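Hi,

Here is the structure I promised to pass on. Have a look at it first, then read my notes below.

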Amino acid sequence: MIGVILRLLSDFVEKNWGTQSLNECLKAAGFPDDFVFRLDTAYPDEQWQSMFRAATDVAGLSPDDLELTFAHYCGKDMSVRFPGFLQGVTSARDIIERQPSIHNFMAASLKSPSARKAVAEKFRLEGRPDETVMHYVSPNKMCILYRGLAEWAAEYFNEKVEIKEPHCLKRGDAECEIHVQYLDHQSTDSQAR
Ligand code: HEM
């Protein structure tokens with residue numbers, strides 16, 4: 001997992017549950033107390049998973065609830081931290097369609113070709129007239145993060161989406177298949193911010 005997401009999780013835990021809680025999460029994943037994640041480095045998925053599990057403990061939330069709350073935090077943070085990715089984006093569908101290339105752009109700074117490939121292979125997007133279908137396979141099984149970020153994107157552009165997931169890694173399927181349907185789609189002009 002690229003460090004930016006671990007940095008976001010660190011900030012999210014520290015802001016909501018304090019520095020002691022962040023230190024517990026870092027320790028659970030084998031990092032020292034004062035560790036700061038580099039944005040341009042990939043960390044082992046197992047360390048991400050340990051840190052996320054520890055975050056559910058300190059937060060006292062279920063993994064699904066923590067993932068959803070974290071998704072909305074990520075959306076808000078990333079829109080401020082990386083405003084360039086939202087430049088010229090006019091709708092929720094637009095940002096959701098750009099997401100795989102945004103990830104690949106972030107991965108371009110990774111030195112190892114296999115790490116870049118691992119990022120690229122997690123997502124395959126299929127476009128349909130009124131919906132997008134994401135085929136997602138990852139050892140991290142973060143489909144609720146995906147769904148939460150899709151919800152965040154809809155809120156950001158003042159739109160409504162309906163999200164369905166007929167197949168899910170967490171239910172033992174080979175992939176998550178996440179359908180995002182764009183409801184009462186408005187004109188591009190009225191969506192622009
Ligand atoms: C400014 C926009 C965004 C940036 C900068 C960004 C950046 C990243 C980065 C760097 C990762 C780690 C990738 C990896 O190591 O595999 C990541 C993970 C993820 N992102 Fe994004 N992202 C953005 C928007 C989105 C959107 C709009 C969605 C969904 C609709 C999304 C869904 C996810 C998911 C599900 C993961 C977890 C992948 C995994 O490890 O299984 N992202 N994001």
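In this predicted model, helix α3 (residues 45-59) packs with helix α4 (residues 63-81) at an angle of about 100°, and their axes are 9 Å apart. That angle falls in the range of 65 to 115 degrees, so α3 is roughly perpendicular to α4. On the α3 side, the residues that meet α4 are Trp48, Phe52, Ala55, Thr56 and Ala59. Their partners in α4 are Pro63, Leu66, Glu67 and Phe70. Sort the residues of this contact by type and you get seven nonpolar, one polar and one charged.

Next, have a look at asparagine 140. You'll find it in the loop between β2 (131-136) and α7 (143-156). Asparagine 140 is buried, because its relative accessible area of 8% is under the 20% cut-off. Its side chain makes a polar contact of 3.0 Å with the side chain of aspartate 45. Setting aside neighbours within four places in sequence, asparagine 140 is in contact with Met1, Asp45, Trp48, Gln49 and Lys122.

Now the cysteines. How many disulfides does a search of the whole structure find? The count is zero. For cysteine 25, the nearest cysteine sulfur belongs to cysteine 74 and is 14 Å away.

Cheers

Terms used: Residues are numbered from 1 along each chain as its sequence is written. This is a predicted model: local features need pLDDT of at least 70, side-chain atom pairs count only at pLDDT 80 or more; totals for chains, interfaces and linings use all residues. Side-chain values use heavy atoms; hydrogens and water are left out. A disulfide is a pair of cysteine sulfur atoms within 2.5 Å. Helices (H or I, at least four residues) and strands (E, at least two) are DSSP runs, numbered from the N terminus. Buried means under 20% relative accessible area, exposed over 50%, partly exposed in between (1.4 Å probe, protein chains only). A polar contact is a pair of N or O atoms within 3.5 Å; within protein, one must be able to donate a hydrogen and the other to accept it, and residues adjacent in sequence count only if both atoms are side-chain atoms. Contact means heavy atoms within 4.5 Å. Axes are lines fitted to C-alpha atoms, for helices over the stretch in contact, and angles run from 0 to 180 degrees between N-to-C directions. Angles under 35 degrees count as roughly parallel, over 145 as roughly antiparallel, 65 to 115 as roughly perpendicular and the rest as oblique. Ala, Val, Leu, Ile, Met, Phe, Trp, Tyr, Cys and Pro count as nonpolar, Asp, Glu, Lys and Arg as charged, and the others, Gly among them, as polar.
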